[in-house]
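Me: Could we go through this structure together? I would like to start with its surface and then move on to the strands.

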Amino acid sequence: MNTARKPFRPHASLLRVAAVVASLLSPCIASADPSPVTSIFKPLSAPAEMVYETSLLALLVCAGIFLVVGGLLAYAVIKFRAKPGDDQREPPQIYGSNQLELAWTVIPILIVFVLTLVTARTIADVQNAKLPDGALQVRVVGHQWWWEIIYPEHGVVTANELHIPVSSREQRRPTALKLESADVAHSFWVPQLAGKTDLIPNHANKMWVEPYATGTYLGNCAEFCGNQHAQMRIRVVVESPEDFAKWIADQKRPVVMDPVVRAGHDLFMRTACVNCHRVAGTVAVGVFGPDLTRLMTRATIAAGAAPNKTEHLRAWVRDPQTIKPGCLMPNMQLTAVEVDQIVSYLQTLK
Ligand code: CUA
């Protein structure tokens with residue numbers, strides 16, 4: 001048993017090499033990537049950076065193996081081509097070489113061993129990261145096909161757009177996410193923030209994000225969960241601490257009823273809308289569909305299926321199936337007048 005005082009830690013130095021190569025390669029990789037806002041090669045948050053460095057090391061190792069194997073193959077193909085006048089009979093067949101077989105068994109085992117250690121270290125670093133006290137806590141519940149977002153400390157509920165504060169290396173403000181599912185398995189993946197984590201029925205998973213730049217980060221459900229899986233998008237709005245506090249305060253503001261939209265409100269409260277949707281301070285307390293209390297503060301509807309504009313809202317209320325076929329909200333068979341009333345009411349929810 002080797003009892004050397006220094007434990008074997010390839011992690012730090014290897015990752016440093018990978019980081020240097022990354023800084024050289026990343027302009028090429030980033031410019032070749034058509035969708036930088038969802039690129040794993042442009043991490044903007046701690047867990048995504050850690051995963052990125054490990055992935056670069058794996059890519060470099062694979063590139064090296066490809067060059068060696070491809071180079072030897074090309075060399076053999078060119079050097080030993082049949083030439084005119086060659087003897088066309090099969091050459092003598094030689095079997096077995098202990099040295100070669102040992103080499104191509106031991107070298108891959110060593111490579112896999114190193115990659116396993118580095119990967120295990122990265123997974124442990126991400127999973128065991130100690131978040132500072134007072135980190136923002138958010139519950140994310142996956143539904144077919146939308147995201148319910150709950151801020152238990154603030155009593156705020158929203159959907160599909162997660163607002164969080166920006167962090168910095170000096171003043172850390174990470175966000176802890178508790179992931180749950182109301183129906184089937186989903187997966188939360190915003191590539192620039194962190195690796196993906198599944199949302200499993202009857203089992204809460206945890207993850208954390210710590211973005212270093214303000215802006216809107218895009219992601220999508222990454223586990224096939226039914227026919228509108230592709231339209232289960234997530235937007236993460238990263239704001240300055242002041243803007244985030246303002247957003248929270250805004251979400252908690254009491255709802256003021258505008259008399260002009262009273263008809264739409266009354267209709268909404270009379271129909272089955274209230275069985276599935278919640279509007280704080282009203283009889284609408286449903287939990288099957290997204291909370292609509294601050295619907296108009298969100299940029300999209302139907303988990304990113306359409307922009308939150310009057311025409312799309314009207315099309316959605318008239319028949320959601322035209323925008324998101326198979327979604328669980330039925331056509332409510334409303335008349336054109338009723339659709340207008342409901343939409344006018346919904347547009348006051350801000
Ligand atoms: Cu939810 Cu795929």
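Me: Which residues form a nonpolar patch on the surface?
Reply: This is a predicted model, and in it the nonpolar surface patch is made up of Ile 65, Val 68, Val 69 and Leu 72. Together these residues have about 370 Å² of accessible area.

Me: Where is Ile 65 placed?
Reply: Ile 65 belongs to helix α2, which covers residues 46-79.

Me: And how is Ile 65 classed: buried, exposed or partly exposed?
Reply: Ile 65 is partly exposed, because its relative accessible area is 38% and this class lies between the cut-offs of 20% and 50%.

Me: Changing topic: what is the strand order in the open sheet of five strands?
Reply: The order is β4-β10-β9-β6-β7, and the pairing is mixed. The edge strands are β4 (161-165) and β7 (197-199), each of which pairs on one side only. From one strand to the next, the twist averages 25°.

Me: How many bridges join β4 to β10, and do the two run parallel or antiparallel?
Reply: Five bridges join them, and the two strands run parallel. Strand β10 consists of residues 233-239. Within this pair, Leu 162 stands opposite Val 236 in β10.

Me: Which helix lies across β4 and β10?
Reply: That is helix α4, residues 241-252. Helix α4 runs at about 135° to β4.

Me: Now the backbone. Which residues does a cis peptide bond join?
Reply: The cis bond joins Gln 144 and Trp 145, with omega at about -5°. Trp 145 is found in the loop between β1 (136-143) and β2 (146-151).

Me: What is the phi of Asn 160, then?
Reply: Asn 160 has a positive phi of about 65°, although it is not a glycine. Asn 160 lies in the loop that connects β3 (156-159) and β4.

Me: Is Asn 160 buried or exposed?
Reply: Asn 160 is buried, because its relative accessible area is 6%, and the cut-off for a buried residue is under 20%.

Me: What about Ala 302: is its phi positive or negative?
Reply: The phi of Ala 302 is positive, near 55°, in a residue other than glycine. Ala 302 sits in the loop between β11 (300-301) and β12 (306-307).

Me: Why does Ala 302 count as buried?
Reply: Ala 302 counts as buried because its relative accessibility is 15%, and buried means under 20%.

Conventions. Residues are numbered from 1 along each chain as its sequence is written. This is a predicted model: local features need pLDDT of at least 70, side-chain atom pairs count only at pLDDT 80 or more; totals for chains, interfaces and linings use all residues. Side-chain values use heavy atoms; hydrogens and water are left out. Two strands pair if DSSP finds at least two bridges between them. Helices (H or I, at least four residues) and strands (E, at least two) are DSSP runs, numbered from the N terminus. Axes are lines fitted to C-alpha atoms, for helices over the stretch in contact, and angles run from 0 to 180 degrees between N-to-C directions. Contact means heavy atoms within 4.5 Å. Patches are made of residues with over 30% relative accessible area and no salt bridge: like charges are joined within 9 Å, nonpolar side chains (Val, Leu, Ile, Met, Phe, Trp, Tyr) within 5 Å. Accessible areas come from the Shrake-Rupley method with a 1.4 Å probe; for residues, only the protein chains shown count as cover. A salt bridge is a side-chain nitrogen of Lys or Arg within 4 Å of a carboxyl oxygen of Asp or Glu. Buried means under 20% relative accessible area, exposed over 50%, partly exposed in between (1.4 Å probe, protein chains only).
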